[in-house]
Each structure stands twice: as C-alpha cells, then as structure tokens.
Amino acid sequence: MNRRLTVGTLFERMKDTLELELLGPTTGLDREITSPEASSPGLVLAGYINRFPYQRIQVLGETEITYLQSLSEGQRTANLEQFFGFPLPCAFITKGLEPPAPLMRLADEAGVAVLRSRLKTAEFYRLIKPFLADQFAPTTTLHGSLADVYGVGLFFTGKSGIGKSECVLDLVERGHRLVADDLVFVSRRGNDVLIGRGHELQRHFMEIRGVGLLDIPAIFGIHAVRQQKRLEVMVILEEWDGNAQVDRTGLDVQTIEILGVEIPKITVHLNPGKNITVIAEVIAMNHLLRYYRGYDTATAFNEQLIDRMRRKSDVQRYLQEDDE
C-alpha cells in the first residue's frame with residue numbers, strides 16, 4: 001500500500017524544512033508525484049533528451065540556472081520549451097536563485113508548479129530524499145504490540161485477549177521501551193528493513209483490560225517509549241495445547257514474510273506460571289547472539305552431539321579391530 005503524494009501535499013509538509021516558497025500561480029499543485037527520486041535536468045537543458053527521467057521532481061541548482069543565463073534568449077527559450085514539453089510533476093530552484101526569463105511563463109503555460117528553496121542544492125537533496133523514500137515505501141498495518149527489548153524490535157501478536165499488551169507493559173516496567181500498542185504501522189526501508197511505529201494519536205497509549213487506557217510516558221517517563229523501531233522478530237502468543245507440535249531445540253528456525261522481508265517467527269505457548277516477560281528478554285538476547293555475533297545455540301549444541309557420537313564411533317571401531 002503506497003500513499004498518494006501531490007505537489008501541494010509535498011509543499012505543505014516540507015515548506016518549513018526545505019524553506020520553500022511557491023513562485024507564480026498555484027498551477028500544478030494538484031499534480032501527482034509518482035517517483036521517489038529527484039534529479040537535476042542539466043543534460044535536458046543542454047538539449048539531450050534521451051533517457052530523461054521526466055517523472056521525477058526536477059531540481060535546478062546553481063549549475064543549471066547559470067547555464068541557462070549563459071545562453072542566448074532564443075536558445076534558452078527553445079531549451080526551456082523542450083524541458084516543459086514533458087509532463088513534469090514540478091520543478092524546484094535551490095539557493096534562492098532567480099529563475100531566468102522565460103522560465104516562469106513557460107512553466108505556467110505547461111501547468112507546472114515552480115517552487116524555490118533557500119537551501120543549497122546538496123542540503124536540499126539531503127532533506128528531500130528521506131521524505132520521498134518514506135512516502136513511497138511499501139506499508140502495511142499489523143495487529144499487535146511492538147517493543148524495543150535490548151535494542152531488538154519484538155512484535156507480539158496473537159488472538160484478542162491473549163495478553164500481548166500485558167506482556168509489553170511488564171517489559172516496560174523492567175526498563176524496556178514501548179513503540180506501539182494494538183495497531184502497528186510497518187513500512188519497508190530498502191530491501192530488508194522493516195520499520196514499525198504507532199498511530200499519531202494512539203502511539204503510546206495502552207489498553208489494559210479491566211484497568212483502562214494507560215499513558216505510558218506519563219507513568220514511566222519519556223525514556224519508556226520510542227517513536228519507531230526496526231521490527232526484527234515476530235513473537236506469536238498462543239494458548240497451551242498439549243497436542244501441539246512444539247519446537248524443542250530451536251534448530252528449525254521459522255520465518256514469516258512481511259512486505260517481502262523475511263524475519264524470524266517464534267511461537268510461545270502460554271500456560272499458567274510461565275514467565276513470558278523473561279522469555280521475551282531471552283528471545284531478544286538469543287537474536288542478538290545469532291545475528292550479531294554469529295552464535296546459534298541450537299546449532300552449536302547439535303554439533304557437539306554429532307562430534308561426540310563420531311568420536312565414540314571411532315573408539316568402538318578401533319576396539320573391534322583390536323583382535324590381537
């Protein structure tokens with residue numbers, strides 16, 4: 001699920017950050033931006049139009065403006081007519097530069113909004129790229145609770161009333177941090193990173209059945225929450241079932257795919273007396289051992305068993321051959 005982004009929306013949200021002002025009429029503010037990339041149209045302004053990524057937002061920095069000013073009036077008009085002949089989403093001018101004539105007239109005729117930033121071009125790119133990447137990132141919503149446990153993002157899920165929020169509340173009381181409760185918005189960054197966060201209004205409130213809504217930062221302090229966190233492990237809480245097949249060693253690592261990214265999936269069966277909070281901490285620490293130090297407890301134990309059986313087999317073979 002991608003969010004629709006128009007030029008007007010970008011202008012509204014990034015006006016202060018990018019120090020933007022709209023030049024000319026409001027023509028073109030309803031145009032949709034369909035690419036997460038921004039580019040400088042230097043080659044197109046020089047007349048080379050092959051492979052022109054016109055669907056991107058166009059950024060005219062000092063190099064482009066200076067080049068246009070160096071052209072004769074006729075040549076400049078011809079090149080700009082060619083530039084605005086493409087269905088551009090919008091054009092930015094950086095460093096507070098003045099657009100050379102007849103840029104504004106041609107932009108108005110083409111229905112393209114021109115926005116000017118006071119920032120230098122490099123700074124403009126540095127700020128707008130993360131915004132565009134976030135806007136175009138694939139997103140989804142998950143039902144559950146996300147917590148930061150020892151720096152690992154654990155997402156707890158399970159059927160309603162299983163105790164997801166109570167588990168995270170206990171983790172917060174032990175010094176870990178709440179990211180989101182009940183509803184988690186997940187977006188993909190790059191090819192292999194999932195970022196989870198809560199709703200703007202609901203973000204750090206928790207509902208505990210029988211108690212009501214809790215304001216976590218008000219009760220535990222601002223250090224008990226964080227705005228977003230990488231989602232690294234899914235913990236599924238299920239009621240104890242004596243007939244269920246349970247992984248006893250951890251050799252068979254289960255995974256789940258979210259937005260095309262595979263993450264480990266661990267199912268914890270609940271029964272009276274089980275300390276799910278300690279188990280959650282161990283899951284986080286085991287994840288750190290496995291993925292950041294390359295140590296897999298189950299694999300290491302299994303290798304020890306295999307090595308011992310091999311050595312025992314060698315001794316038996318030696319004794320069998322010793323028939324002297």
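D148 is buried, with a relative accessible area of 5%. This residue belongs to strand β7 of a predicted model.

**Around D148**

- D148 counts as buried because its relative accessible area of 5% falls under the 20% cut-off.
- The side chains of D148 and R226 are joined by a polar contact of 2.8 Å.
- The D148 side chain also reaches the backbone nitrogen of G151, at 2.9 Å.
- Leaving out residues up to four places away in sequence, D148 touches H176, R177, V179, R226 and K229.

- Y150 is a residue other than glycine, yet its phi is positive, near 55 degrees.
- Y150 sits in the loop between β7 (145-149) and β8 (152-158).
- With 40% relative accessibility, Y150 counts as partly exposed, whereas D148 is buried.
- D182 is also a residue other than glycine with a positive phi, here near 80 degrees.
- The loop that holds D182 runs between β9 (177-180) and β10 (183-189).
- D182 has 35% relative accessibility, so it counts as partly exposed.

**A cis peptide bond**

- The peptide bond that joins A101 and P102 is cis, with omega at about 5 degrees.
- P102 is located in the loop between β4 (90-93) and α5 (103-110).

Terms used. Residues numbered from 1 in each chain as written. Predicted model: local features only at pLDDT ≥ 70, side-chain atom pairs only at ≥ 80, totals over all residues. Heavy atoms only, no water. Helix = DSSP H or I, 4+ residues; strand = E, 2+ residues; numbered from the N terminus. Buried < 20%, exposed > 50% of the residue type's maximum accessible area, 1.4 Å probe, protein only. Polar contact = N/O pair within 3.5 Å; in protein donor to acceptor, adjacent residues only side chain to side chain. Contact = heavy atoms within 4.5 Å.
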